[in-house]
Amino acid sequence: MRNLAIETVGLNFNFGNQTIIKDLSLQVPKGSIYGFLGPNGAGKTTTIKILLNLLKSPNDQVFIFGQELNQNRIASLKKIGALVEQPAIYGHLTGRENLINRCILLGINKQKAPEMLALVGLSDSANKRAAKYSLGMKQRLGIALALVSDPELLLLDEPTNGLDPNGIIEIRNLMIELTTNHNKTILVSSHLLAEIERTATHIGIINKGQLLFQGTIDELQLLNKPLLEIETNRVAEAMEFLKNQQIEVISSNQKKITTPYISAEDSGKLNTLLVQNGFTISSLSIQRKDLENLFLDITKQN
Amino acid sequence: MRSFYISLVSEFYKSRKTLAFWAAILLPLIVCSLISFGFFTNSEKILAYHYPPMLLWARYCSASLDSMGMLILPFYVIFMAFSVNNIEHKNDTWKTLFAQPLHKFSIYAAKYVYAVLLVAICLFLFAGLTFTYGHILQVLVPQYNLDQYNPSKLLINSYSKLFLSSLGILSIQFLFSVLWSDFLKPMGIGFVGTIMGIITASLQWKYAYLIPYSLPALALRISKVKKGDLFDFPIFTSEIWTSLIYATILFILGYFIVSRKSIK
């Protein structure tokens, strides 16, 4: 528990009769970028709201840096900065005033406001009313608001929503910078694996309120079994032949047959076997599902 | 306590550019200016009545007091209680407010106290501007002889009663605006309540004092009925106690609602 920034133990949460979160056991190590993935409506935002004590969780199911959340609400919230759903910004105040207001609430020096604006690239729009900001600018301001208290743990709910490719890269780099150089822990939710697979050190995949996978990116890759694609001139006959040889065929199309990849040696033997039996093999290649497809497969399972 | 103080400072900071805040200043400024302008332009007619200074002050003060007590104050309180919470509903900021490392009670109490302060500022300005404009009128129309009577007691007692009697409405409307994000529900109930309050107060229904919306009108009525010493009326009368009891119960009830509120 000592090395975990967030731990939920068999967390359950219902809205009335509807179960939103079911037996969720998150384990977010300190210093990690934890990609919290799931399709829309999977329970990601609900989980983040539970972690912020905005939604009441049962006692002894949520721990922030080892402390039970309900019993230590204020102490836990002091360590957390969050961006939940759409950034919550006072539209009639300027970007700078929004940050100053947050500084007032947190009892910190107002000088942090311009620093944060510079960090998220909003210095030029500091005195513009936040209602007039574009979605991307609002998102940046939301991130600045989450960062202003210099929290140990950041909860970012789909932070790249509405950002252009440059903005997405900047947020990605900022997350890496915060964890590597400032020892922060980040839980970042997304419905797109591709968006966070380059930055996340750990992944949790949730669907319909249940955690389907939790582990490092490498562990996720291990689930991803490689395939051998064989390009041949007579697909139907080759398939028949392989089946007779007790070799599993996963799929096929007009040009290619896909079988499980076992080893380079086995692939060579298979090639020889096919050639010796009169098939022309134009290519053999190893294929891996990309993580996005793997993610889709995992979330389809329940 | 620190949590409450910073929440209160934040309430001021974020609402200082809103109509709810400026209404507390502009409302007394506009109403008192219009009444004084009327007294200035109609000075000949008014002088024809030959009011003694005390009665002239009473007429001058009651021009703003009556309109305030009957209509403006209840509606201002309803609007302001709505605005203080609407700033969070409109911007969807309840979630960030309650995700700050602050006691929920401090956040709630600061909002409530801020609303109370705005009413207090508004009524204090009414009293202050009535007093100041009265003396300016005296300079402009020396025949009024307004300088021969000190209306401080009348103004302090009347506006203190109005302030205390408005706390019941404030608390009930504050609760509504915490519960509902839309404008129509609290405003609709407030509007119907105020009309009901005015009717029951003017019909002198014996249980009118149980309706929070009738309390400002009742508070002023009683002050006028006491004829013995016109301006030496007690502040803490039954309707004021009713208002304070309503305010206390609803404030506590509001906190229980807020503390159990799930931010969906």
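A: In this predicted model, 21 residues of chain B are in contact with 22 residues of chain A, two residues being in contact if their C-beta atoms, placed from the backbone, lie within 7 Å. Local features need pLDDT of at least 70 and side-chain atom pairs count only at pLDDT 80 or more, whereas totals for chains, interfaces and linings use all residues. Residues are numbered from 1 along each chain as its sequence is written, and chains are lettered from A and ligands numbered from 1 in the order in which they are written.

On the side of chain B that touches chain A, the elements giving two or more residues are helix 1 (2-15), helix 4 (53-91) and helix 5 (94-98) of chain B; helices here are DSSP runs (H or I, at least four residues), numbered from the N terminus. Helix 1 of chain B supplies the largest share of that side, five residues. By class, this side of chain B has nine nonpolar, eight polar and four charged residues. Ala, Val, Leu, Ile, Met, Phe, Trp, Tyr, Cys and Pro count as nonpolar, Asp, Glu, Lys and Arg as charged, and the others, Gly among them, as polar.
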